[in-house]
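Here is a short briefing on one protein chain. Please look over the sequence and the fold before reading on.

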Amino acid sequence: GLTALVNLVVDHEKNCRMLLKEGLDILIEIAESYQAELGLSEGRGEENKVGVKAERLEALKSNAALATSLLQLIGPYNYLVCSNCGKQQLSGTSCEACGRSISFAVDAGNK
């Protein structure tokens, strides 16, 4: 699933912005899952056993790498767009240029 997402967001601003809006939290969770599982295993005194545990860790590692790549791909699209004048800005509730309310527009700047 994550591989398909990578293909959907490469060079596609609208898809990147939609993923930022709808999936940022889960991507961060997946990206951090491998390190979290390693920490839990060490904390419980478990060793990386051959078999199911090793397969699970490898899957988590692969998913974490894909999620990290996705976060890097969508990062440049993490901005707000004024619906009135189209100015892009990183934060705020009103436009720096015209003073109107801004939104996390998903369809701004379609290619």
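Which residue forms a salt bridge with glutamate 37? The partner is arginine 56, with the closest N and O atoms 3.6 Å apart. A salt bridge here is a side-chain nitrogen of Lys or Arg within 4 Å of a carboxyl oxygen of Asp or Glu.

This is a predicted model: local features need pLDDT of at least 70, side-chain atom pairs count only at pLDDT 80 or more, and totals for chains, interfaces and linings use all residues. Residues are numbered from 1 along each chain as its sequence is written, and side-chain values use heavy atoms, with hydrogens and water left out.

**Overall fold**

- The protein chain has 3 helices and 3 strands. Helices (H or I, at least four residues) and strands (E, at least two) are DSSP runs, numbered from the N terminus.
- Along the sequence, the pattern is α-α-α-β-β-β.
- Of the 111 residues in the protein chain, 30% are buried. Buried means under 20% relative accessible area, exposed means over 50%, and partly exposed lies in between (1.4 Å probe, protein chains only).
- The protein chain exposes about 7200 Å², and carbon and sulfur atoms supply 51% of that area. Accessible areas come from the Shrake-Rupley method with a 1.4 Å probe; for residues, only the protein chains shown count as cover.
- Take the contacts between residues at least 6 apart in sequence: 52% of them join residues at least 24 apart. A contact means heavy atoms within 4.5 Å.

**Salt bridges**

- The count comes to 2 salt bridges.
- Glutamate 37 pairs with arginine 56. This pair links distant parts of the chain: glutamate 37 sits in helix α2 (residues 13–43) and arginine 56 in helix α3 (residues 52–74), 19 residues apart.
- Glutamate 37 counts as buried, because its relative accessibility is 11%. Arginine 56 counts as partly exposed at 45% relative accessibility.
- The other bridge joins lysine 87 and glutamate 96, whose closest N and O atoms are 3.8 Å apart.
- Lysine 87 counts as partly exposed, because its relative accessibility is 32%. Glutamate 96 is exposed, with a relative accessible area of 60%.

**Nonpolar cores**

- A nonpolar core is a set of buried Ala, Val, Leu, Ile, Met, Phe, Trp, Tyr and Cys residues joined through side-chain atoms within 4.5 Å.
- The largest nonpolar core has 14 residues. Val9, Cys16, Leu19, Leu27, Leu70, Ile74 and Tyr77 have the most contacts inside it.
- Helices α1, α2 and α3 each supply at least two residues of this core. Helix α2 gives the most, with 5 residues.
- Apart from this core lies another, of 5 residues, among them Tyr34, Leu38, Leu57 and Ala64.
- Isoleucine 74 touches Val9, Cys16, Leu19, Leu20, Leu24 and Leu27, not counting residues up to four places away in sequence.

- Glycine 1 is placed in the segment before α1 (2–9). Glycine 1 is exposed, because its relative accessible area is 89%.
- Glycine 1 and leucine 66 are 65 residues apart in sequence and 9.9 Å apart in space, C-alpha to C-alpha.
- Aspartate 11 lies in the loop between α1 and α2. At 66% relative accessibility, aspartate 11 counts as exposed.
- Aspartate 11 has a positive phi of about 55°, although it is not a glycine. Most residues other than glycine have a negative phi.
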